[in-house]
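Please read the following note beside the sequence and the model.

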Amino acid sequence: MASITTKIQKLPPKYGNIITILSIDGGGIRGIIPGVILSHLESQLQLVDDNKDARLADYFDVIAGTSTGGLITGMLSAPNANNRPLFAAKDVVPFYLDHSPKIFPQTRGIFADTVNLVKALAGPKYDGKYLHNLISKNLGGVKLHQALTNVVIPTFDINKLQPVIFSSYQITTSRVLDAPLSDICIGTSAAPTFLPAHLFTNKDNESGTTEQFNLIDGGIAVNNPALVAISEVSRQIIRKNPDFNPDKPMDYNRFLVVSIGTGSKRSEQKYDAKMASKWGIISWIFNNGSTPILDFYSEASADMIHYHNSVVFQAFRSEDSYLRIDDDTLKGDAASVDVATEENLNKLVEVGQNLLKKPVSRLNVDTGIYEPIQNGGTNEEALKRFAKLLSEEKKRRESNAQQK
């Protein structure tokens, strides 16, 4: 039986000391925020290595993304005609600025809320046709195994009532998961009430078996996919994947993780129990222009993953190898997933730029409060440090490979 060979451009972790992971949260148009952060990180890598063609996929063993983060993952890892990443990180924000107003056309006027409520009751707020055509056009027929680095994209299958993780690591044993990246990205982006669920069938050409996928937003499963990516790597070590050194014990000291959020409106404290105790079905899915139940699910899963990672990395005294960049001070339209006005899109660019200047924060596991790290510098400075670590690991692998 022929094996699926991935087009990994970098040398595998067995030639180095650490395993590098990039994780990108879901959040609709707020994908602009990680777009700004990732552009800065890629520019730092280009400076460190004096290579204007350096791309994030050249440095990360895994890129994981949920929902809009899954789309960014596909953009950064899909190959172009020259077998290089289809998009540079600097292209992500212009992509969102250009296409978001067409993906999420805005209803205007004094009756806008009424129109949106009717849409929410009648079906998805947006038909998704522009988004689907856009993703299909850009990603073409690229399949998961062709990604230029390992990819992990969570989705949720409403027919199976369970998450489906499309992982480069799993396609060697579950070939039916080797689906088109376009279908995977459309599926993980299908946020309930906003975009239609995505149905597609994929075939394992070796065995002839087919499987049907009925997918909605991966954020229903996990909005912050960092832990899923770590687990996927850990499974490969358990299975003795030859890409990993079996002589090195597995612990969090071997991981370098950059996790980028899309912001939240936690600081608004918009809801309370007294208010929610009176809600019926409609209020839970449509309330003051937002969808509370989806907000709660996405925020809860993202925070639980960050809490877990913060505790474990600190327990292994490797907290300096884990960087979480997020902003919990969003307000109004900036906290939405679909208000794609020119004013709001530009505001999100500004949020990302300001986030670079903010101090690095870490969860205090005793108090549960996010606190600036003493002498931790800004997020911008942290990304510069991580760029140096990523560059050193890449060079270490190249050197070790030459000696073997």
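How many cavities of 30 Å³ or more does the count come to?

1. The count comes to three cavities of 30 Å³ or more. On a 1 Å grid over the protein atoms alone, a cavity is a set of points where a 1.4 Å probe fits but cannot get out, and a pocket is an open set with protein on both sides within 12 Å along at least five of seven lines; lining residues have an atom within 4 Å of a point. Points are joined across faces, edges and corners, and a volume is the space filled by probe spheres set on them.

2. Residues are numbered from 1 along each chain as its sequence is written, and side-chain values use heavy atoms, without hydrogens and water.

3. The average pLDDT of the chain is 89, and 92% of the residues score at least 70. Over residues 1-8, however, the pLDDT is below 50. Where pLDDT is low, the predicted coordinates should not be read in detail.

4. The largest cavity holds about 70 Å³ of space. Its lining has 14 residues, with Asp 25, Asn 223, Gly 263, Glu 299 and Ala 302 nearest the centre. H10 gives the most to this lining, four residues (helices, H or I, of at least four residues and strands, E, of at least two are DSSP runs, numbered from the N terminus).

5. The second largest pocket holds about 370 Å³. Among its 17 lining residues, Asp 326, Asp 327, Asp 328, Ser 361 and Tyr 370 lie nearest its centre.

How values were computed. Predicted model: local features only at pLDDT ≥ 70, side-chain atom pairs only at ≥ 80, totals over all residues. pLDDT = per-residue confidence, 0-100. Contact = heavy atoms within 4.5 Å.
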